[in-house]
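Work through the exercises below with the model in view. Try each task before reading its solution.

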Amino acid sequence: MTEPVRKDHIRRENVPWRTTDDALTECGLDVRDCQALTPQAMLEKIAEQGEVRASLSSCMTCWQHRRTDRGQLLRDAVSRLINRSWHGKESGRVERELRAIGLLVAAHREEFETTLRDMDEAVDIRTARKKPPAQNFGGLKL
Ligand SMILES: [Zn+2]
């Protein structure tokens, strides 16, 4: 008799201002009750084992939510938060968090603006790697 294969789940990305709350997997399990990988760890597993083999030891619901785009992970986290804010225990908390963020930004406006500007000017290393090297012959672009 063979033992059942333990399935890896994917931990949900959380909004940046929350730390330990909402420790759920993409399929809704508490991360303390299962083997939950971070999205990055799941990508490393896929890179090491290949798509097919990695999928065989992964929860299929979580597998459908695997993402490579960090921006999409964050957008999903914000979307979940907003959707939950309409009802239940989250309803007042999300509103308080957004108001607190607004107060913090108002108190540190210059630092906030500088951070946004720095983020706008930062080079995305993944995008930079995809571009072919510029060919420059004596100032002439080819
Ligand atoms: Zn799962």
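A nonpolar core is a set of buried Ala, Val, Leu, Ile, Met, Phe, Trp, Tyr and Cys residues joined through C-beta atoms within 7 Å. The model used here is predicted.

**Exercise 1.** Find which residues make up the largest nonpolar core.

Solution. The largest core has 6 residues. Ile 10, Ala 36 and Met 42 are among them. Cys 59, Cys 62 and Trp 63 complete the set. Now take Cys 62. Leaving aside neighbours within four places in sequence, Cys 62 is in contact with His 9, Ile 10, Thr 25, Glu 26 and Cys 27.

**Exercise 2.** Locate Glu 13 and decide: buried or exposed?

Solution. Start with the place: Glu 13 sits in the loop between β1 (8-10) and β2 (35-37). Next, count neighbours. Glu 13 is buried because 22 C-beta neighbours lie inside 10 Å, and the cut-off for buried is 20 or more. Then list its contacts beyond four places in sequence: Pro 39, Leu 73, Leu 74, Asp 76 and Ala 77. Asp 76 is 63 residues away along the chain, yet the two C-alpha atoms are separated by 7.9 Å.

**Exercise 3.** Describe the span and cover of helix α6 (residues 109-121).

Solution. The helix has 13 residues. From first C-alpha to last, α6 reaches 18 Å, close to the expected 18 Å. Its count of buried residues is 0, so α6 is hardly covered.

**Exercise 4.** Where is confidence lowest, and where is it highest?

Solution. Confidence is lowest in strand β4 (residues 140-141), at a mean of 58. It is highest in β1, at 95. Where pLDDT is low, predicted coordinates should not be read in detail.

Notes: Residues numbered from 1 in each chain as written. Predicted model: local features only at pLDDT ≥ 70, side-chain atom pairs only at ≥ 80, totals over all residues. Helix = DSSP H or I, 4+ residues; strand = E, 2+ residues; numbered from the N terminus. Buried ≥ 20, exposed ≤ 12 C-beta atoms within 10 Å, placed from the backbone. Contact = placed C-beta atoms within 7 Å. pLDDT = per-residue confidence, 0-100. Expected span 1.5 Å × (residues − 1).
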